[in-house]
Amino acid sequence: MTTDPTTPTGPLQGIRVLDLTAVVLGPLATLTLADYGADVIKVEPPEGDMMRANGISQHPGMGSIFLAVNRNKRSIALDLKTPQGLAALQALVPTVDVLVHNMRVAAIERLGLGYAAVAALNPGIVYCAAVGFGQDGPHRDKPAFDDIIQAGCGLASLGAGGGDTPAYTASLIADKTTGLVVANAVMAALLHKSRSGQGQYVEVPMLETMAAFVLAEHMGGLTFRGSHVKAGYPRLLEGGRQPAPTRDGWISMLPYTERHWAAFFLEVDRPDLAEKYGIRDRHARNAQVRALYAQLRALTPLRSTADWMALCERLDIPATPIYTLDELPAHPQLQAVGLFEDAEHPTEGPVRQLRPTTRFAATPTRVYRQAPTIGQHTAEVLREAGLAPEAIAALAGPGPGPGLQ
């Protein structure tokens, strides 16, 4: 039996998600659900998700970031500030299992789409609000973007290895981390619903999520009441492990155990260093970890990256060359597992994309639908909800629009 390549096959097949998210945090969360097989209906304003304009694009509204985090979804374009647009969305609510949004709570309440209003239409719904700040705190109404959360959760204060100058991580780490937590939270709530039949309100706040994320290894002295030791994991903050220069480039090289260090120093004809740094005693070794890795970086320029990689392979020492973003498609592991796929987008032509990374033996996942144009599936989705053709036609807006579906 041949499986229809446009049909999801993941473990969430049969779950319908109403996606009222935008930018990166929410779309990454719903992307995970879509990749796992859920039917994700992305609700956009007539002008589209603002992230359509970001990144690299060939045509307006189809930027690289949007393409990356909105595959496997259907798009409907509705102006929720109009009675007709709101009524169309309300007609969809009873047909879905999940609603996810990342608006400020006051804003979605004004639209008439707060939890109480939605649950009145669908009592069993899993309603997940991805918010900047927990709604029982004084910052509940403040705007939140990735930079703000990186600064507020302590991450920016770590700078480059804990230096004095704050620095943002060059990745939307707060958006993406929180997005993954949102996906996990939704799936946990769906599991509860499958056992009890009960939907619920779920809140995932960015600041609290990222503070817990950062502090997992950095609690330090905060752990113990009355401690005078500062928070932070010294091995990371004191500049111990860093990329190491080689004769012709850079390498990430990590002798870690006593066996690693003993074999490494023997290979470079410096067995004396094993004694100097007390590698046979874990506590003595940890006490000198900064100097130990500085010694490593003093030795690595003596050989090429390839030479060090061969040595580390032989001694089973963890190591990898430093890859740039542009070099990732050529990474031998990523090539072998087919992480990058070539595909044909209906409007953008040949594109390179990433496949879903999680493997399910019984319910495999795949890219079965390319990122949609604005409102591409409006008519299709609203017909499924039972709206009359004339009501759908009245909602036609920019983009392919209901009239073309």
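# Pockets, sheets and an aromatic pair

User: What is the volume of the second largest pocket, and what makes a space a pocket?

Analyst: The volume of the second largest pocket is about 1200 Å³. A pocket is an open set of points on a 1 Å grid over the protein atoms alone, where a 1.4 Å probe fits, with protein on both sides within 12 Å along at least five of seven lines. The volume is the space filled by probe spheres set on the points, which are joined across faces, edges and corners. Lining residues (an atom within 4 Å of a point) number 42 here, and those closest to the centre are Ala22, Met50, Asn102, Met103 and Arg104.

The model is predicted: local features need pLDDT of at least 70 and side-chain atom pairs 80 or more, while totals for chains, interfaces and linings use all residues. Residues are numbered from 1 along each chain as its sequence is written, and side-chain values use heavy atoms, without hydrogens and water.

User: Which element gives the most to the lining of the second largest pocket, and how do the classes of its residues divide?

Analyst: Helix H4 (105-110) gives the most, with four residues. Strand S2 (39-44) and strand S5 (126-131) also supply at least two residues each. Helices (DSSP H or I, at least four residues) and strands (E, at least two) are numbered from the N terminus. The lining contains 25 nonpolar, five polar and 12 charged residues; Asp, Glu, Lys and Arg count as charged, Ala, Val, Leu, Ile, Met, Phe, Trp, Tyr, Cys and Pro as nonpolar, and the others, Gly among them, as polar.

User: Which residues and elements line the largest pocket?

Analyst: The largest pocket holds about 1700 Å³ of space. Its lining has 43 residues, and Ser64, Ala68, Val69, Arg71 and Leu354 are the closest to the centre. Among the elements that each supply at least two lining residues are helix H2 (64-69), helix H7 (173-196) and strand S11 (349-354). The lining comprises 25 nonpolar, 11 polar and seven charged residues.

User: How do you know that S2 and S3 pair, and why are S3 and S6 called edge strands?

Analyst: Two strands pair if DSSP finds at least two bridges between them. S2 and S3 have five bridges in the parallel sense, so they meet the criterion. Lys42 stands opposite Ser75 in S3. The open parallel sheet runs S3-S2-S1-S4-S5-S6. Strand S3 (73-77) and strand S6 (200-205) each have a single partner strand, so one side of each lacks a neighbour in the sheet.

User: Why is the pair of Tyr127 and Tyr201 called stacked?

Analyst: The structure holds nine aromatic pairs. In this one, the ring centres are 5.7 Å apart and the planes at 25 degrees, so the pair is stacked. Rings of Phe, Tyr and Trp (its six-membered ring) pair if their centres lie within 6.5 Å; planes under 30 degrees apart count as stacked, over 60 as edge-to-face and the rest as tilted. Tyr127 belongs to strand S5 and Tyr201 to strand S6, so the pair ties together parts that are 74 residues apart in sequence.
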